Amino acid sequence: MAAEKLRDLTHPIDVAVLDATVAAFYGTGSKQERAAADQILRELQNNPDMWLQVVHILSNTQNLNTKFFALQVLEGVIKYRWNVLPVEQRDGMKNYISDVIVKLSSNEASFRQERLYVNKLNIILVQILKHEWPARWRSFIPDLVTAAKTSETICENCMAILKLLSEEVFDFSRGEMTQQKIKELKQSLNSEFQLIHELCLYVLSASQRTELIRATLATLHAFLSWIPLGYIFESPLLETLLKFFPVPSYRNLTLQCLTEVAALNFGDFYDVQYVKMYNIFMVQLQTVLPTNTNIPNAYTNGSSEEQAFIQNLALFFTSFYKFHIRVLESSQENINSLLIGLEYLINISYVDDTEVFKVCLDYWNSLVLELFEAKHNLDNPAATANMMGLQMPLLPGMGDGLGTQLLQRRQLYAGPMSKLRLLMISRMAKPEEVLIVEDENGNIVRETLKDNDVLVQYKIMRETLIYLAHLDHDDTEKQMLKKLSKQLNGEDWTWNNLNTLCWAIGSISGSMMEDQENRFLVMVIRDLLNLCEITKGKDNKAVIASNIMYVVGQYPRFLRAHWKFLKTVINKLFEFMHETHPGVQDMACDTFLKIVQKCKRKFVIVQVGENEPFVSELLTTLPTTIADLEPHQIHSFYESVGHMIQAESEALKREEYLQRLMNLPNQKWAEIIGHARGNVDFLKDQDVIRTVLNILQTNTSAASALGTYFLPQITLIFLDMLNVYKMYSELISAGIAEGGPYASRTSYVKLLRSVKRETLKLIETFLDKAEDQPQIGKQFVPPMMDPVLGDYARNLPDARESEVLSLFATIINKYKGAMIDDVPRIFEAVFQCTLEMITKNFEDYPEHRLKFFSLLRAIATYCFQALILLSPEQLKLVMDSVMWAFRHTERNIAETGLILLLEMLKNFQNSEFCNQFYRSYFVLIVQEIFAVLTDTFHKPGFKLHVLVLQHLFCLVESGALTEPLWDAATVPYPYPNNGMFVREYTIKLLGASFPNIPASEVTKFVNGLFESRADLSTFKNHIRDFLVQSKEFSAQDNKDLYAEEAAAQKERERQRMLSIPGLIAPNEIQDEMVDS
């Protein structure tokens, strides 16, 4: 009954009933009551006339939740329908909201009591302003300032409104408003700032109210980043702020304001004011926080206000130095206060708080980079002149002057840089390769989850330390060796100290000259091996072992040059492979693999003083070396040895090594197949299945390293393996047929399926890594047609392995056009039956989805002719499945679908079936692409959506389509050409989808698309603006629309890093390191 009463919006709504409904929704009543209330409130919210009741509700309710509900309704109207409302309704609402705000904030008691409500009203007012101001509400700022002068509480609230307005326009506008609108609002705020400025200064000089002063400082903080500079530097503002700094209750807000000023960067016009501000600040700071304070301790024991102060202090120093450090280098007096400031910042960098450390680290990284680049460019005077901002050719002899200047600058910073090296070494973050960590209970355990924040921090610290090392190699080496000797004599021995030191040593790999690096490492590795011998205790040994492995893994150049060390290290790793402490064996196997990949040639030649190559010696002792390893570690070991064998250039030796390597698994395999020939049931035993799985995994690991050279081994087991595959597949199908869908989840069926998957993975790995030799394809593909493809088609959906799809995708990507005759067979076996599995909904069989579209993409790219030969019904299936893919909310599936669509559009354009294809699908694709483009779930696909539309619009205007795209039977009007038809069609489509956008705007947008079609970036920006205008995309994070620009920036950065020794670690550079 009550619900019916609420739904009738022809009379003023019954506020008491609405209060009760809202209370039921938030209340503690039964689930049914809450659901019913939710239903009613949703209906009301979606009712287009509901907003007309808002004033009535707000005037008659005391309930805060009901007020918020009404304001939510209003906010929706303001965001999406404001501009289509009649003028009197807009003005009425504007005046009502302003009046309520003034009424509530004019009285201290109501202002404090209704604070949440007033805040929400302020937000609504600013949403209205985004539409109304400046054009339709010219007097807004003067009105506001006048109101502010009438009472201190109104003034406090006016400050809050101004702060919100500033944030909306300057901080949150990207993707919320069109470029034009943002520009207009910024200009209005700038031109009217005089009044706001006077008001702020007036409050700060005249008011005694703490809340008002705090609100004013907070508003100033929001404004300082964009206001005209004269208001800051040519007015008493800075002096006023510095006066407030020593006062505890304003300290943090003032410091934030000063930080905003420090972060302004506009040339050297106001340098004098900056120096003055910095010096006054430093004098005050030394009374607030004396230089001898132990800042990390003070932070740990401080209140949240005091902790915020340290964080703000870090932000102030880093902002000031980032833009104005040069003005402080000009006179000795300024240099002294600069050095005191740097000392403060180094002490703050020791604070045990991630956020504070990040702020400091980012600045240290940029300062060290600047000093390093100056040193780096000294050999190249033109670059140096440019960097110093000298826009003129260097005169002869001037280079020396510059050189001296740069040298002096480096000497000035030598002291702080040395302290900074110690900081970086003591706080080094953990690299990804290290698997052994200390848990919160102080036990040494194997790491289970990667911490991405730590990895990002490691990357920045490593880069900073490399620049520091380049600035002074000797100081870096001295500090590291000094810390290491303290570990050895026990003076400074803790797990954390040893870890950070070794991580730092490992991270500067590649930055020293080779002879210095050799000298340094001989000492480091010798000391670490000694430490391992003299230290007792399993946990201690595990930590030291982890550090030895990390360091040696980082220096492949050193190991390649010193066989004795390399052999010692590898034997040490073999020793660690018997150490059962968690994580040690894993790390030993990982490090072994890493070293072998970079030094593989060293193991297949006979070294001085040896009787045979190391690989041969290793194969002899292999069974004892791997005796204590888990299966996954053994697989990694086999991969490593595979890399060694792959480096042997003589075919006979290679085959002998391979046979010796695979001896253990092959004996086991032969034994199992022999038993099975006698009695096939032997293969059904769970332990036997596990052994088969393990043997296949070992083969896959070796195949991934050996590629083509694995041929003799796979030939040996291939046919038996397919027989096992077929048999296990029949067992699975029988199990599922008997036990129903749940049978597929039993451990027995899962185990059988693992064997099938591993078989497919082994074949795929081998074919993928093998060189492109057609005879290998001819040898392996035909025997698989029935056991693998036929089996896929015959199986029940739950028993089909998605790996079949990826295997055939790999085969087509590898053997390209040679596979064209097999495509119909592949199509027949997998197409229809897979589509039935994946088109029921978007969730089931996720693996099959992605792999199915990858297979389709391989066929479209390399065997396009096979697609042309499909019947129209089959082609329709293909096109439907492509559209199904890009409608998918799973990002990678949608992306694969869009890339596939682009391939097909281009291929069909160049084929003789161009007209036929586009007649059937052009309009449909336009419709579907606009549907996903304007759907916020599909933002990540933006770049590809734009490319598809660009392709279609360019094609239709190029005249390549000679037949009409419209169906003459249903469209009576004959269009002069396809271009006109597509324009009309797109305008209708978008007009119907976005009734809130005027028809003239839609037409303008579509015409703009056709005009800008040839220039991708204009075309893309045009679409971005339309999406913001369509309001579908406003209140969200729109960074996906700018993803492409971000990727280009990333590539430029990588090229820069490659040019500096050590920045990309030697073991990450994809080279066949010359290790002959």
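This is a predicted model: local features need pLDDT of at least 70, side-chain atom pairs count only at pLDDT 80 or more; totals for chains, interfaces and linings use all residues.
Residues are numbered from 1 along each chain as its sequence is written, and side-chain values use heavy atoms, with hydrogens and water left out.

Figure 1. The C-alpha trace spans about 100 × 85 × 70 Å along its principal axes. Of the 1076 residues, 52% are buried. Buried means under 20% relative accessible area, exposed means over 50%, and partly exposed is in between (1.4 Å probe, protein chains only).

**Figure 2. Trp364 in the largest nonpolar core.** This core has 358 residues. A nonpolar core is a set of buried Ala, Val, Leu, Ile, Met, Phe, Trp, Tyr and Cys residues joined through side-chain atoms within 4.5 Å. Phe281, Phe317, Tyr321 and Trp364 have the most contacts inside the core. Helix 21 (residues 354–377) gives the most to this core, with twelve residues. Leaving aside neighbours within four places in sequence, Trp364 is in contact (heavy atoms within 4.5 Å) with residues including Leu342, Leu345, Leu420 and Met424.

**Figure 3. The second largest pocket and its lining.** About 640 Å³ of space lies here. On a 1 Å grid over the protein atoms alone, a pocket is an open set of points where a 1.4 Å probe fits, with protein on both sides within 12 Å along at least five of seven lines; lining residues have an atom within 4 Å of a point. The volume is the space filled by probe spheres set on the points, which are joined across faces, edges and corners. Among the 23 lining residues, Arg427, Met428, Ala429, Asn496 and Trp503 are the closest to the centre. Helix 26 (495–507) supplies the largest share of the lining, five residues.

**Figure 4. Backbone angles at Pro134, Lys816 and Tyr845.** Most residues other than glycine have a negative phi, and most peptide bonds are trans. The bond from Trp133 to Pro134 is cis, with omega near 0°. Pro134 sits in the loop between helix 8 (115–132) and helix 9 (140–148). Lys816 has a positive phi, near 45°. Lys816 lies in the loop between helix 40 (803–815) and helix 41 (823–838). Tyr845 also has a positive phi, about 50°. The loop holding Tyr845 is between helix 41 and helix 42 (846–862). Lys816 is partly exposed at 35% relative accessible area, and Tyr845 is partly exposed at 23%.

**Figure 5. Leu990 and its contacts.** Leu990 is in helix 48 (residues 978–993). Leu990 is buried, at 2% relative accessibility. Leaving aside neighbours within four places in sequence, Leu990 is in contact with Phe930, Val1002, Phe1005, Val1006 and Phe1026. Leu990 and Phe1005 are 15 residues apart along the chain, and their C-alpha atoms are separated by 9.8 Å.

Conventions
Helices (H or I, at least four residues) and strands (E, at least two) are DSSP runs, numbered from the N terminus.
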